[in-house]
Amino acid sequence: MTVSEFYKKYRNRHQLAKRLKQSGKKIFGYFCLCTPQELIYAADIVPVRIRGSMDEPTLANAFLPGFVCCYQRSCLHEALAGNYGYLDGVIFSQRCDINRDIGGIWAENVKIPYSWQFAMPRKHNESAIDMFAQELGLFKSSLEQYCGHELSDESLRQAIDVYNKNRSLRRQVYQLFLEDVPPLLGSQVFEIMMSGLIMPKEEHSKMLSTLLGDLPSRGKTGNNPRLLVTGNTLENIEVLRTVERCGGEIVIDDFCFGTRDCWRQVDHNSDPLRSIAEYYLSKRIPGPCTDSLQRKRIGHILELVEDYRVQGVIQISQHYCDNYLFETPVLHGRLKEQGVPMLNMEIDDTEVTLARIEANVQAFIEMLK
Amino acid sequence: MSSSNQEKPIAPGPLEAAAKMKAISKQYDEEMFRAKETGRPIAYLTSVAPVEILQAFDILVAMPENYAALCASRKMAGEFCDISEQYGYSGDICSYVLSSFGSEFANRGPYDGESLPDPDLLVCTDHACNTFVKWWQNLSEHYRCPLFTVDAAYTVGGTLKEEYREYFVTELKGLVSFLEEHTAKKLDMDRLRDILVLSDKASRLWLEIGDYRKTVPAPVGGLDIFTLMLPLVLLRGTQTAVDFYQEVLKEVKERVAKKIGAVPDERFRIIWDTFPLFHRMRLLKYLEDVGVVVATDLYGDAFSGRFDPADPLGSLAERYMNYYACSSSRGKAEIYKKRVRDWHIDGIIYHSNRACRFYSAQQTAVAHILEDELGLPSVMFEGNMTDPRGYSEDQVLSRLQAFIEMMEVRKYGTVKKKIEIGFDRK
């Protein structure tokens, strides 16, 4: 099995989903990686992350202004174009402003058989975890009503095991980059992680195990600067390939679907629902929209910079994400204190100008050298 | 009867009570700048937040959002936004942030050259936009100042669940503990109740004033309303706010009795959604000059809310979590449908405010629903509430001109009176 198999699955995600439906599976779409997928899995429903595309989101323009989250605009366009007609349900979160608003817009304009919006505290203390566990209890009851059976503690524990195993395998992929000459490219890791968003977790874990058991080998890579790439969501993989063509070695990431999503595990304790709540609220590495005042995301980046011997950080975030925009000067300052330069790029997946990105990245890498 | 006993005639135009705003602002500014010497802590607070609790601790509340709007009205915001960008902030974020941060970085502002005094405490809420929380996070690091975030977890488009309310009440208790710690005072619950009575009264008066705007002609328009709301924003919970709105209401009732409108020749009644352009309030004057009055809006209502002093923290939670801006697009559209009907509305102007995604993100969807279900004339123009850079008045006026003509055709079947909006532009 080759690494390219992962991205092939991703590119054919809609066909994959339709085949799952034909086999009798139900599929729920979600947006935010803080969605408690284990609950959906326990209800024997396949959770898939709703993705945009690189097409101009013309259909969404009737419902969203041009200066909001490109990802959500693109996803809405895909839904209005009928590309997500196979979804049996959609899960919305309250955590970012647009995610909260988009639920109502989908409800008015996209046919969704089932939808649920979950509330999420911002704090990570015991009171917040209690609240979130209550909220997930309501979601669990809704899922039980939908699927017609109880989601037992045993089924939740089994779901936790499946997802933890996948997290562990993904983390093993990242650990390969601790070496001086990793066997994979950073852009290939992106492909691997993206593919995990759109297929059943067991299938992804099986592919990961096969890959880890039979890794390719790369020749000598040269003295390319080791880079960390951070951002919210990214559709256009050419952006990362451009970074590599310019001579950057992407050795680690801080994407919401990357290290943040697999660095920690759900604990097993006597109350699996509370364990899930605790993981998604306080254990999982947060993005800026879910981060507490402790700036856990920035702490995570600084640890990765040290562990992975990172020489430069490139932030690639989608336009108009307020949470990232506020954190950028702070991140920049903290990295500067450690002597690590940062390049910040805002893009819109639907209108990327690779030449402009190449010029910026080239100059950054030259500076690092 | 001698002429000295005759009543002063009421003329259309700004309310006389509006002139009192200057004195209220001046007094507030003086208190703010004297706070440190009088030993009163200054807290920066987000605008739609439980100011009443801070007032109960005798804390001087300053609101950077309000301050940014002031910078805009004094034509300083453009420069301050530019300065913030030089410090690494994106020009795409909230221009309240850019303007107030820029003023702080430049160490000058509209108070005779001085900027907002530094805070001793920071309090924000998480029940509105993400910007509030991220902004206050950055403020706490900049000023090295204690911060309390009142967390809120809730969903939109449905009723307020008990668990959400309980969580907010828990957070309010946390706020009280935080303020007790940092002021070395205990919360006087009776004082809080008294403040809630006043805040409730001020809100009732505000809403009653809003109700009188249903009258044709509307006794007060947008140009006045967006200024008159200052006490509601900054001073709700005070006798000053109650006294002021009682005067405003008295004057509004007199106008209604005598059928005097905000504009001499009211031709069209509109909704303005949502933020005014604080750097160019004259735009509202241009509309009034051609007989278009903002008969209703939702912006000011965000700062009003009803309280039950028998349950201070519970009613604070309910009031601040029932914030219309957190409704779904359908929820907002239904509010507007009622406004269109009850306030006899001819059209809607949507200010698509680039600087506030929280308010603007659903606007297109709301406009879509209202267009489909009401077919009312409307216009949307892109702008910025605080930052004047990039503002093109020609473009905006040309769109408003077409909009007025659209209303005219709908109302009269033809363009009866060719008027050029902004004809006396300065």
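Predicted model: local features only at pLDDT ≥ 70, side-chain atom pairs only at ≥ 80, totals over all residues.
**Extent of the interface**

Chain B contributes 50 residues to the contact and chain A contributes 45 residues. About 4,100 Å² is buried between the two chains, with carbon and sulfur atoms giving 52% of that area. On the side of chain B, the residues that lose the most area to chain A are B:Asn130, B:Lys134 and B:Arg357, which together account for 18% of what that side buries.

**Polar interactions and composition**

| Interaction between chain B and chain A | Count |
|---|---|
| Salt bridges | eight salt bridges |
| Polar contacts (both residues at pLDDT 80 or more) | 25 residue pairs |

One salt bridge joins A:Arg95 to B:Asp126, with 2.9 Å between the closest N and O atoms.

Several elements of chain B each supply at least two residues to the side that touches chain A, among them the helices α7 (162-183), α14 (329-342) and α16 (363-374) and the strands β4 (147-150) and β7 (347-353). Helix α6(B) gives the most, with eight residues. Sorted by class, this side of chain B has 20 nonpolar, 18 polar and 12 charged residues.

**B:Gln401**

B:Gln401 counts as buried because its relative accessibility is 15%, under the 20% cut-off. Apart from neighbours within four places in sequence, B:Gln401 is in contact with B:Lys418, B:Ile419, B:Glu420 and B:Ile421.

Technical notes: Residues numbered from 1 in each chain as written. Chains lettered and ligands numbered in written order. Heavy atoms only, no water. Contact = heavy atoms within 4.5 Å. Buried area = accessible area lost by both parts, 1.4 Å probe. Salt bridge = Lys/Arg side-chain N within 4 Å of Asp/Glu carboxyl O. Polar contact = N/O pair within 3.5 Å; in protein donor to acceptor, adjacent residues only side chain to side chain. Helix = DSSP H or I, 4+ residues; strand = E, 2+ residues; numbered from the N terminus. Nonpolar A, V, L, I, M, F, W, Y, C, P; charged D, E, K, R; others polar. Buried < 20%, exposed > 50% of the residue type's maximum accessible area, 1.4 Å probe, protein only.
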